[in-house]
Amino acid sequence: MKLVVIGHLMLISYYLEFVSFLIGCIVYRRSWPLPYRCLVWVKGLKAVVEIGGMLWSSFTMTSNHWIYNLYFPLQCAGLLFIFYKCSVQPGVRRFDAWLLGAMPLVCCIFWWKGSFYELNLMATVAFAFLLLLSACAAFVDLLLEQGYGHLLWQPLFWLSSTILVYSVGSIFYYSTWEYSKKMILDYLFSLLFVSTEYAINLGIIACFICLYLQKRINRSSPPSLPA
């Protein structure tokens, strides 16, 4: 029964993955800042990976971990680049640049003796930790930059919030992977993982909607008269 529930929840997660990418494509504008245009492509890659991984496992009856081993570094690098380009404060921008620079080092350290066909747990946790640091730095940037206005109206707020939740959940989930494999609290860990997937998709949908509404409001606002 528990496996059936988890299966249904994962299926909803796949739908949300596709819906978030679809919404991004619908509201996408070439006038968006570069990082948010990149976010649409990051979501598109994630949707392809999720659907491709599911199909690979279903038709070949073999592990799809190699797909995620290829994807997680790309996801981490893409999101770190987005946070770097969104940052305004010089200190935050330098911090994000250091995190981006740490990516190749993290890959070399944790892939030195790792198996390509088994999920590299240490690398996955390290990537999630880098994203966690970058999301926290984005909050600092939002709080220090007075020009942002109300937090709930900012796309960066929704992006950093959802990446924060996703990173914490990923660190916990992949750190306890061995317990999950032994069916120790497997149901709890699976629910946690699915919840973080819901969070990141819903947060990115909110990010896209904020971008769209901002553009609509700016377009409909009358031009200011010269003094």
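What volume does the second largest cavity have? I will come to that after a few words on the model itself, which is a predicted one, so please keep in mind that local features need a pLDDT of at least 70 and that side-chain atom pairs count only at pLDDT 80 or more, while totals for chains, interfaces and linings use all residues. Residues are numbered from 1 along each chain as its sequence is written, and side-chain values use heavy atoms, with hydrogens and water left out.

On confidence, pLDDT is the predictor's confidence in each residue, from 0 to 100, and the protein chain averages 84, with 86% of the residues scoring at least 70.

On a 1 Å grid over the protein atoms alone, a cavity is a set of points where a 1.4 Å probe fits but cannot get out, whereas a pocket is an open set with protein on both sides within 12 Å along at least five of seven lines, and lining residues have an atom within 4 Å of a point. Grid points are joined across faces, edges and corners, and a volume is the space filled by probe spheres set on the points.

The largest pocket holds about 580 Å³, and of its 23 lining residues the closest to the centre are Met10, Asn64, Tyr173, Trp177 and Phe193. Helices H1, H2, H3, H6 and H8 each supply at least two residues of that lining, with the largest share, five residues, coming from H2.

As for cavities, there are two of 30 Å³ or more. The largest has a volume of about 70 Å³, and its lining includes Phe72, Gln75, Thr124 and Tyr166; H5 gives the most to this lining, with four residues.

That brings me back to my opening question: the second largest cavity has a volume of about 50 Å³. Among the residues that line this cavity are Val42, Lys43, Lys46, Gln75 and Ile204, and the elements giving two or more residues to the lining are H2, H3 and H8.
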